[in-house]
Amino acid sequence: MTEARRALITGITGQDGGHLAELLHDKGYEVFGLIRGQNNPRREAVTIEFPYVTLIEGDLIDPTSLVRAVEASDPAEVYNLAAVSHVGYSFKNPALTADVTAKGVLNVLEAVRVTGREHSTRVYQASTSEMFGGLDYNRPGAGYNEHSLFHPRSPYGVAKLYGHWIAKNYRESYGMFVACGILFNHEGERRGTEFVTRKISHAVARIERGLQPYVELGDLWPKRDWGYAGDYVEGMWRMLQHPVPDDFVLATGQTHSIEEFLTLAFAEIGVDDWRPYVKQDPALLRPAEVDILLGDPTKAEQELGWRRKVDFPGLVRLMVAHDLQLIDTSRP
Ligand code: NAP
Ligand code: G4F
């Protein structure tokens with residue numbers, strides 16, 4: 001009997017960590033997940049939902065813990081998904097964001113290299129469309145692709161850009177197989193409620209069931225290229241199966257405003273005009289905003305055979321349906 005391939009996922013408690021663990025398990029991998037903190041509040045949920053994942057304690061800002069995690073899991077593939085990933089939070093905690101989201105990437109790459117796995121372990125780095133910045137001068141009509149200019153607009157985006165370049169540097173300097181996925185926003189039923197789509201779907205469900213009167217949001221005009229997270233983890237996996245390490249954009253090729261998301265989400269509960277249910281909270285406005293993100297996934301479609309399955313209305317529908325069901329099943 002052949003041994004199962006082993007994969008180590010950092011960020012196992014996050015949205016993508018969950019989808020990826022499921023995907024790799026279904027493909028027959030032995031899955032390891034890095035979990036931080038002596039009493040991580042998400043540990044129990046991960047243990048229940050993904051009983052097949054072996055959890056290893058470690059932190060992206062503790063290099064020794066990463067060496068131990070790599071040695072313990074001896075992975076064929078490492079998916080570095082861990083990060084301070086909330087753009088608004090990164091403005092309030094820029095130094096922590098730099099330590100985790102920028103230098104943490106270096107720590108992961110070093111852990112693979114110093115344990116002598118630089119030619120046997122493949123690494124996926126979670127890069128982001130936030131690196132483009134969405135500014136007028138830097139906005140291609142057909143969407144950002146792998147050759148577009150970077151102009152990050154937040155401490156998060158700047159930190160991710162360091163992670164992106166150090167990953168490419170290790171590819172070029174040491175011949176390591178490091179693939180960077182430049183992923184546009186992807187959402188779903190596992191998205192944290194601190195992100196705008198899940199905050200809305202969660203609030204819409206609660207408003208429908210009479211549990212809250214309205215939702216407070218920041219700017220409603222920004223546009224994002226929103227896809228479904230389940231589709232995107234398939235793209236991550238395909239990047240590590242590719243014959244050569246490379247950078248790939250994953251996106252839908254369509255962009256929608258938060259107002260459009262609100263319109264579709266409230267329509268799911270039969271409300272035509274969402275305005276009476278939405279208030280603006282100035283505390284949620286960001287010091288600098290990314291106006292619009294639109295991605296061009298042509299390269300991933302042609303070279304990886306990747307294609308997103310869920311469209312924008314389908315995404316909104318599945319998120320609201322999930323949150324309604326969550327309320328109904330958790331009621332006594
Ligand atoms: P997420 O839900 O916010 O998950 C972030 C994960 O990072 C959590 O598991 C968190 O663990 C972990 N983490 C944070 N600080 C850590 C540290 N110091 N050491 C170890 N783990 C730490 O993010 P996501 O949406 O799944 O995204 C996955 C990755 O893709 C992130 O790097 C994100 O920046 C990037 N990305 C996401 C999108 C998107 O639209 N979702 C798009 C482009 C790129 P705790 O539970 O301990 O906090
Ligand atoms: O949902 P968001 O916080 O996502 P954002 O900033 O686009 O970042 C997400 O996608 C990136 C990929 O492009 C990832 F790299 C990153 O890790 C993260 O997953 O905000 C989306 C938009 C922004 O314009 C924000 O200002 O929604 C606006 N917004 C309006 N009201 C809000 C809110 N965002 C949040 N989180 N909460 C609000 O109440």
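**Figure 1. The largest cavity.** About 40 Å³ of space lies in the largest cavity of this predicted model. Its lining is formed by W226, T252, Q254, H256, R308, V310, D311 and F312. Sorted by class, these lining residues comprise 3 nonpolar, 3 polar and 2 charged residues. The model holds 2 cavities of 30 Å³ or more.

**Figure 2. The second largest cavity.** The second largest cavity contains about 30 Å³ of space. The residues that line the second largest cavity are L8, T10, L66, A69, V70 and V108. Two elements, β1 (6-10) and α3 (63-73), each contribute at least two residues to this lining. The largest share, 3 residues, is supplied by α3. By class, the lining of the second largest cavity has 5 nonpolar residues and 1 polar residue, with no charged residues.

**Figure 3. Helix α7 along its length.** Helix α7 covers residues 196-208. Just after α7, G210 adopts a positive phi of about 75°.

Figure 4. Within α7, the buried residues are T197, R198, I200, S201, A203, V204, A205 and I207.

Technical notes
Residues numbered from 1 in each chain as written. Chains lettered and ligands numbered in written order. Predicted model: local features only at pLDDT ≥ 70, side-chain atom pairs only at ≥ 80, totals over all residues. Heavy atoms only, no water. 1 Å grid on protein atoms, 1.4 Å probe; cavity = no way out; pocket = protein on both sides within 12 Å on 5 of 7 lines; lining within 4 Å. Points joined across faces, edges and corners; volume = space filled by probe spheres on them. Nonpolar A, V, L, I, M, F, W, Y, C, P; charged D, E, K, R; others polar. Helix = DSSP H or I, 4+ residues; strand = E, 2+ residues; numbered from the N terminus. Expected span 1.5 Å × (residues − 1). Buried < 20%, exposed > 50% of the residue type's maximum accessible area, 1.4 Å probe, protein only.
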